Amino acid sequence: MRTSGDTEQMIREQYTTTTPGTSLERPKNEYVYKIGIYGWRKRCLYLFVLLLLIILVVNFSLTIWILKVMWFSPTGMGHLRVTKEGLRLEGESEFLFPLYAKEIHSRVDSSLLLQSTHNVTVNARNSNGEVTGRLNVGPKMVEFHGQQFQINSKDGKPLFTVDENEVVIGTDKLRVTGPEGALFEHSVETPLVKAEAFKQLRLESPTRSLSMDAPRGINIKAQAGNIEALSQMDIKLHSSDGVLLLDAETVRLPKLPEGTKGESGISQGLYEICVCPDGKLYLSVAGVGSTCQEYSRVCQ
């Protein structure tokens, strides 16, 4: 509900607006409100925006520089290329931490070189993370830890196999070229022991005995030399079921003892080989008949 004062004010405003040529002045506003940021706040805002632009430009420049220095490309980074088969790394690379990979191989026309200032260790782990095999190449030795160590040929034939029970050499020939030969602390099973051409073969046991056993026989052959068997004590040739055969043009026993009898006999350079009951051999001066009984005092 409007009052009489409000009605008069509306009539006065309408009159001053519609009546031309009047010199009445409008009432001035007593308060003016300014909208926006002015003064030091505006300068701080501009400075902050400028600082953000500088940081953005610096970051963009550094990103471009890193991409250029590290040789980033759509296919990889530097010498590292990402292919369908995996990662391909060209040239020499240095790894500061352990490298985990399923397969590592070189190019077809180059070899694979693993080099370290201390040692190179290759570990194989199972699904639980436990080490099942380890190959350690150090400055003084090469160590392998595992259940079995095997070297195969290019055709897949086992050449050398080692486990806790035995060592198997699958080659047709084992050649030992050391000047001292080969030293075995236990028995050796082999079908053939042979020396190189024009070199001697020597089987020796310095402090123990030397035994050669074979189910079907032992064949000792020297095609261009002599066979010598030297022993400080006894040399025994024993055949359990067979004979001892000496097949040669000449059989010499130069150090057999010569039998004696009560009176000294006259030797004409001919002797007879006699055998004592215990198997001992001795010589007796040959005569028209056997003289072994006369010279049998050596058996006493």
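Trainee: In what order do the four strands of the open sheet come, and what is the sense of their pairing?

Mentor: In this predicted model, the open sheet has the strand order β1-β2-β3-β4, and the pairing is antiparallel. The edge strands are β1, which covers 72-73, and β4, which covers 87-89, and each of these pairs on one side only.

Trainee: And how many bridges are there between β2 and β3?

Mentor: Strand β2, made of residues 76-77, and strand β3, made of residues 80-82, are paired over two bridges in the antiparallel sense. If you want to find one place to look, take Met77, whose bridge partner in β3 is Leu80.

Trainee: Which elements have the lowest and the highest mean pLDDT?

Mentor: Among the elements of the chain, helix α1, residues 4-18, has the lowest mean pLDDT, at 50, while helix α2, residues 40-69, has the highest, at 91. For the protein chain the mean pLDDT is 77, and 84% of the residues reach 70 or more.

Trainee: New topic: what joins β6 to β7?

Mentor: A hairpin does, through four residues. Strand β6, residues 131-137, and strand β7, residues 142-145, run antiparallel and are joined by four bridges.

Trainee: How many aromatic pairs does a search of the whole structure find?

Mentor: The search finds one aromatic pair. The rings are those of Phe144 and Phe149, with centres 5.1 Å apart and planes at 55°, so the pair is tilted.

Trainee: Why tilted?

Mentor: Planes under 30 degrees apart would count as stacked and planes over 60 as edge-to-face, with the rest called tilted, and the planes of Phe144 and Phe149 are at 55°.

Trainee: OK, pockets now: how much space lies in the second largest pocket?

Mentor: About 2,300 Å³ of space lies in the second largest pocket. Its lining has 40 residues, and those that lie nearest the centre are Phe95, Leu99, Ile104, Leu112 and Leu114.

Trainee: Which strand gives the largest share of that lining?

Mentor: The largest share of the lining comes from β5, with five residues. Both β4 and β5, the latter covering 120-125, supply at least two residues each.

Trainee: And how do the lining residues divide into nonpolar, polar and charged?

Mentor: The lining of the second largest pocket divides into 17 nonpolar, 14 polar and nine charged residues.

Trainee: Last one, where is the place of Ala224?

Mentor: Ala224 is in the loop between β10, which covers 167-169, and β11, which covers 271-275. With a relative accessibility of 86%, Ala224 counts as exposed, and the C-alpha atoms of Ala224 and Ala197 are separated by 9.8 Å, although these two residues are 27 residues apart along the chain.

Conventions
Residues are numbered from 1 along each chain as its sequence is written. This is a predicted model: local features need pLDDT of at least 70, side-chain atom pairs count only at pLDDT 80 or more; totals for chains, interfaces and linings use all residues. Side-chain values use heavy atoms; hydrogens and water are left out. Two strands pair if DSSP finds at least two bridges between them. On a 1 Å grid over the protein atoms alone, a cavity is a set of points where a 1.4 Å probe fits but cannot get out, and a pocket is an open set with protein on both sides within 12 Å along at least five of seven lines; lining residues have an atom within 4 Å of a point. Grid points are joined across faces, edges and corners, and a volume is the space filled by probe spheres set on the points. Ala, Val, Leu, Ile, Met, Phe, Trp, Tyr, Cys and Pro count as nonpolar, Asp, Glu, Lys and Arg as charged, and the others, Gly among them, as polar. Rings of Phe, Tyr and Trp (its six-membered ring) pair if their centres lie within 6.5 Å; planes under 30 degrees apart count as stacked, over 60 as edge-to-face and the rest as tilted. pLDDT is the predictor's confidence in each residue, from 0 to 100. Buried means under 20% relative accessible area, exposed over 50%, partly exposed in between (1.4 Å probe, protein chains only).
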